[in-house]
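Please read the following report alongside the sequence and the model.

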Amino acid sequence: MEPLTGMGVMALIGAAATIAGASEDLESDVGSQSNPNSQVQLAPQMMYPHRIFNKAVSGEPPSNALMCTIGGTVASVLMSSGTSIVLALTIGAILAAAVHGTFSVSAHLGRSASQKRFKQPVYLDIIRSHVPVIMGYSFITTFCILVVSYLMITVLQHPFPLPLLAFIWGITVGAIGSSTGDVHYGAEREFQNVEFGSGLNAANSGNIVRKAESGLRNGIDNSWFCAKFGGPVTGIAFGMTVFLSGWITVVFDTTKGDALGWASVIAGAIIVLVLIIWNRNIEVAARNAYGPYKEDEKAEVAA
Amino acid sequence: MSTGGGKGAHAQISENNIIAFGIAGGLIGIYAAYFLVDLIGGYMSFLAGLGAICGILWGASAVRRVSSYGLGTGVPSIGMLALGIGLVATLFGLAVGGIAGPIISVISAAIIGYIVGILANRTLGIGVPIMEQSMTEIATSGAIIIIGLSTAMIGTFNFEEVVIEVIATGYMAVIFIAGGLAVLHPYNANLGPDEKQDRTFATAIEKGAIAMILAGVVASINESASGTLTILIGLLIWYIAFTEFYKLVKRDAYKITGSGLLPSKEELE
């Protein structure tokens, strides 16, 4: 393969992965999956019933693996019966989104019904408005993951079949979304009413923000907030993961000799090292700029 | 998140009945599909899908019991581990067993699951009293689910054909994750102090039906199995189970409302 073609394909894969990462995070924010979910689930127990979509599909990596694998399976079945590739990937992603919709509905209804003693009502308008959004995001995620997997198989000659590769990328995008983007919702959005950087005090457990700029806050308000930072950051993180891990073997083509193979390993190690140092510097700079939460001693004296 | 605080989950149907239903239903479904596909035709492969749903119900019941000890986020982890054990045991059993493959798979899954359960409790010190039993049950039900859905896809559990048509094509991934989430999701979806066994089971059957439909989609390109009947029966089971689930949600929920404000302070007290 021409190196230039390889780089072009890698750019396309990276772009698709970036979109997949962003939509994956926003999907989990609409439904309060993963990190923020524990507080959404806890809130009614602490006498804070809410109108926020509460879903958990066994954790983000498995739920994304499920939709991507379903998409990959359906697409692979359709392609083997002669359907065009774009149509096959699209239908696969539509079916995956539909299945994800059923998982979301059963999770929200079931969890709300299991909180009867805390008087958490089931709001049907929340289901009607949120499930289409969740399905829309999951369609985008699945479609982009399928594009990534399909390009890797056909152009970069990856040996794995489509459903398996989609499964692996599904787990990866879920894991990255869960660790990168959800923190923005779980730590910031749910606790906007406490001072920035104060951490989650035990007394605040379950006391999530339940009122919006106008009316009562719901999952779509949360995705609006997360689309400003958490979603794009997840997209960049996932896009970089996919692009940088593929880039090293495209530039240093391992099929052309062992020396190039070792060069790609060294390039990978250098990238990891640079990222570690860079991350450390960001963390130190952020701590210096915003600092740990200091108790307001003057206010206590005055009280 | 703990629901029972170690008291164990409240059950309407006894666990022994579920275990018997899972093993017997699962194996009968798999063997019926295996023989009837040869005798009558490929469209009988849907029976293995029904067997897989029996296994899914059992697995979900085992997850429900072990989760009530407050495992929280550990539930998907032990479930994936147990299904991995089930997959290894399935491949071993089908490779050496021939016609007795499913039975050998089930037995070896039980043995490996039990050993891992002992390791988890004694060596790692997780300290869940029913860990050994639960790992054994989830791994065994995992083996039944994997063999059931594979047989529903290709109409046989012959090792060579499973390797070529299910594993090499990557469809094992969808069996693993759709079967796995059908086991893990029901209790997770109904998590909370007012969780009810029948509602969790309705979710398990609903998600099992989705796994069956997916097996039918794959079966549609295999000549030795027929997808149409598997998909149609799967859709029917899904519809019935979902209707039942929604009925139970209406029974159990504090209030179902089209829209509205939050409960007032007086209401909460």
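In chain A, helix H1(A) is followed by Ser32(A), a residue whose phi is positive, near 50°; helices (H or I, at least four residues) and strands (E, at least two) are DSSP runs, numbered from the N terminus. H1(A) itself has 28 residues and reaches 41 Å from its first C-alpha to its last, close to the 40 Å expected at 1.5 Å a residue, where the expected span is 1.5 Å times one less than the number of residues.

This is a predicted model, in which local features need pLDDT of at least 70 and side-chain atom pairs count only at pLDDT 80 or more, while totals for chains, interfaces and linings use all residues. Residues are numbered from 1 along each chain as its sequence is written, and chains are lettered from A and ligands numbered from 1 in the order in which they are written.

## Packing of H1 against H8

Helix H1 (residues 3-30) of chain A packs with helix H8 (residues 219-226) of chain A at an angle of about 145°, and their axes are 7 Å apart; axes are lines fitted to C-alpha atoms, for helices over the stretch in contact, and angles run from 0 to 180 degrees between N-to-C directions.

From H1(A), Asp25(A), Leu26(A), Asp29(A) and Val30(A) meet residues of H8(A) that include Gly219(A), Ile220(A) and Cys226(A), contact being counted if C-beta atoms, placed from the backbone, lie within 7 Å. The residues of this contact divide into four nonpolar, three polar and two charged, with Ala, Val, Leu, Ile, Met, Phe, Trp, Tyr, Cys and Pro counted as nonpolar, Asp, Glu, Lys and Arg as charged, and the others, Gly among them, as polar.

## Chain A as a whole

The secondary structure of chain A comes to eleven helices and one strand, and its C-alpha trace spans about 75 × 50 × 25 Å along the principal axes. Among contacts in chain A with a separation of 6 or more, 79% are accounted for by residues 24 or more positions apart.

## Contact with chain B

Chain A gives 47 residues to the contact and chain B gives 45 residues. On the side of chain B that touches chain A, H7(B) gives the most, with ten residues, and by class that side has 25 nonpolar, 13 polar and seven charged residues.

Strand E1 (residues 122-123) of chain A is joined to E1(B) by two bridges, and the strands run parallel; strands pair if DSSP finds at least two bridges between them. Within this pairing, Tyr123(A) stands opposite Thr257(B) in E1(B).

Technical notes. Contact = placed C-beta atoms within 7 Å.
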